[in-house]
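Here's a quick briefing to read with the model open. It covers a core and some ring pairs.

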Amino acid sequence: MIDADKYEGHTSAPWYYYDDGGISSSIRLYHQPHDDDDHEEYLAEVHYDENCIADARLIADAPLLLAEVKRLREVEREY
C-alpha cells in the first residue's frame with residue numbers, strides 16, 4: 001500500500017509539462033500557482049528517451065493521482 005503521508009507538503013496542483021518538440025534534450029515540468037497568474041514555477045525536467053512523454057505526463061498528474069488515492073481511501077472507510 002502507498003504511504004500517502006510521505007507526500008504531505010508537496011507542491012499543489014496544477015502541474016504541467018512543456019514539450020518543445022525535441023529542440024532541447026528534456027521536457028520541463030512546471031507549477032502554476034494561480035489560474036489567473038502568468039507566473040510559473042520550475043519543478044523538474046525529464047530527459048528525452050523513449051518514455052519521456054509518458055513519464056512527464058505521469059509526473060504532471062501526480063498531485064491529482066494522490067488526491068484520488070486519498071478520496072478512494074475515504075470512500076472505503078465509509079463502508
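Does Tyr-42 count as buried or partly exposed? At 41% relative accessibility, Tyr-42 is partly exposed (buried is under 20% relative accessible area, exposed over 50%, partly exposed in between, with a 1.4 Å probe and protein chains only). This is a predicted model, where local features need pLDDT of at least 70, side-chain atom pairs count only at pLDDT 80 or more, and totals for chains, interfaces and linings use all residues. Residues are numbered from 1 along each chain as its sequence is written, and side-chain values use heavy atoms, leaving out hydrogens and water.

**Aromatic rings**

- There are two aromatic pairs here (Phe, Tyr or six-membered Trp rings with centres within 6.5 Å; planes under 30 degrees apart are stacked, over 60 edge-to-face, the rest tilted).
- Tyr-16 and Tyr-30 are stacked, because their ring centres sit 5.7 Å apart with planes at 25 degrees.
- That pair joins strand E1 (residues 15-18) to strand E2, 14 residues apart (strands are DSSP E runs of at least two residues, helices H or I runs of at least four, numbered from the N terminus).
- Tyr-30 also pairs edge-to-face with Tyr-42, at 6.1 Å centre to centre and 70 degrees between planes.
- Tyr-30 is buried at 13%, while Tyr-16 is partly exposed at 26%.

**Nonpolar core**

- The largest nonpolar core has seven residues, including Trp-15, Leu-29 and Val-46 (a core is buried Ala, Val, Leu, Ile, Met, Phe, Trp, Tyr and Cys joined through side-chain atoms within 4.5 Å).
- Helix H1 gives the most to this core, with three residues.
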